[in-house]
Amino acid sequence: MKKLALTMALLFLGSPAAAVADEAPISGTVKAVDAGAQTLTLNVTAKGKTREVVVHMKPGAKVVKFARATEPGKSGFVEQEVSLGDLKPGWIVSATTKHEGDKEVADAVKVVMEK
Amino acid sequence: MRLRYWSLPALAVALTTLGVWAGVPSGTRADPNGEPHDDAKGGHAHVPAPLEYADRHVPLSAWTDAATIARGKEIYTTKCAVCHGDAGDGKGPAGVALPLKPPDLRDKSGIAEMRDNYWFWRVSEGGQAEPFKSKGSAMPPWKGELSVEDRWAVMAYQHTFSGHNGPHVPSEHPESVRVGRDIYAMACLMCHGADGKGDGSVGGTLSPRRAPQPRDFTSNAFKLRSTPSGQLPSTADLYRTVSEGIRAAGGPLTFGLRGYRIMPSFRHMPEEQRLEVIEYVKSLNPKFWEQREIKTVAIPPAPPATPERIARGKQLYADAECLACHGATGRGDGPSAPTLKDQSGLRIAATDLRQPARFKNGARPEDLYRTLVTGLAGTPMPSYGDSLGPDQAWDLVYYVLSLSGDGRRAAEAR
């Protein structure tokens, strides 16, 4: 009985569900950018509360914005990589973050709207 | 032994539940409350537009005008598609990672439920408006960047994704007023009738063979308005009437109602439901969508009530021939009173001005001012908006209020 329970618990912990459990998207308005510390402070509103979230950029994390494809015959959008320091207060961005200790760590930030 | 027998399946159920719970990405993980995401349609719940947007209906022609749609496409392509997608599927590259996903504009039923004033509100205010702000909407407000016409154009282009070709109005999409229709059936139908023509089974018995009768929503004569004579009421006017009810001298069935209301107050009804039922009532009259702009009568701040002002009002009361109907002392017994009829030919009483608690349009000084300048459409009470200046209107308001103790107290409270 104990062996069976242990096996099931291990199976759960190793499952893809558990792997994605700590990853979630957030969106908000850029309040401040610290390119040196590789952090981004966002004003995030959820459940009626607005609060500041400091997002730490993972080493190698990308910051992208989207532009219309200009190549002939291509339509849609293309990613344009920008640096963290290019982000300006007031811009709306989204990020997929993970909890790492007490930090929110992002491996990608997408610009939703430049203001 | 027995515990052991069923503990295995119980453990399996518990672990499965835990796995499913953990497998669903939590809302904003950074949220200390661990708020769940609302990616489903509920995140884009079509709540009624607030009063300040409720009259912002899109002109019927905008939905099908080729030039407007082309202009909308141009704007959509540059400003909206990055989130909403070129195909309107809500899968633009910047939209896919948002906590509250952009809606799929190809969703026919979802679009059909959306009223034009709601849509205009959403485009104008974006995620800054509740309840979308609380849900973490990243939608920018466009009212500062796009003109009203440009916002209509974007909506007209977005509308094409749904595959519907006609104007986006309740007559084409009854789903958009379904909630209001259900409330109407429970709360209004008995007096106002199934088609809103004022011919419900109970209505006529409220004051038999006399005015007032329940309003015919399909006609253009609405008594209680803040709009100039001859126009339809604003949504705020309808909201005020639904909330406060209508006071009157009453009839046999109103004896027990507090304040002699011939229409009850629905103040107890949640605000959202009152707005829903009003949208249904508006859907009974296409003119609400055909009028381009609602202009309301401005009511200047009430000046203090002074003896001089009341004396001037008394003179105006005589000069404007108010006494012909309302009588020299305001009792509603003027020489013309017995002959008064409303637009449907029913006898109508001149209001007894000594009983402000029964004034249909309210008894506050600003209510009387509004009644004077807009008149009461469909009744013999004319609009004095063109013949009285604001100061004169206030003089008359204070004189009328001076005819009763309650009125004097209401005036002194200013």
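Q: What makes strand 1 of chain A and strand 2 of chain A a hairpin, and which residue in the turn has a positive phi?
A: Strand 1 of chain A and strand 2 of chain A form a hairpin with 4 residues between them, and Gln38(A) in the turn has a positive phi of about 55°. Strands here are DSSP runs (E, at least two residues; helices are H or I, at least four), numbered from the N terminus. This is a predicted model, in which local features need pLDDT of at least 70 and side-chain atom pairs count only at pLDDT 80 or more, while totals for chains, interfaces and linings use all residues. Residues are numbered from 1 along each chain as its sequence is written, and chains are lettered from A and ligands numbered from 1 in the order in which they are written.

Q: How do you know that strand 1 of chain A and strand 2 of chain A pair?
A: Two strands pair if DSSP finds at least two bridges between them; strand 1 (residues 23-34) of chain A and strand 2 (residues 39-46) of chain A have 5 bridges in the antiparallel sense, with Asp34(A) opposite Thr39(A). Strand 1 of chain A is also joined by 7 bridges to strand 5 (residues 92-100) of chain A, again antiparallel, where Gly28(A) stands opposite Val93(A).

Q: Why is helix 16 of chain B called oblique to helix 17 of chain B?
A: Helix 16 (residues 390-401) and helix 17 (residues 405-412) of chain B pack at an angle of about 135°. Angles under 35 degrees count as roughly parallel, over 145 as roughly antiparallel, 65 to 115 as roughly perpendicular and the rest as oblique, so helix 16 of chain B is oblique to helix 17 of chain B.

Methods:
Axes are lines fitted to C-alpha atoms, for helices over the stretch in contact, and angles run from 0 to 180 degrees between N-to-C directions.
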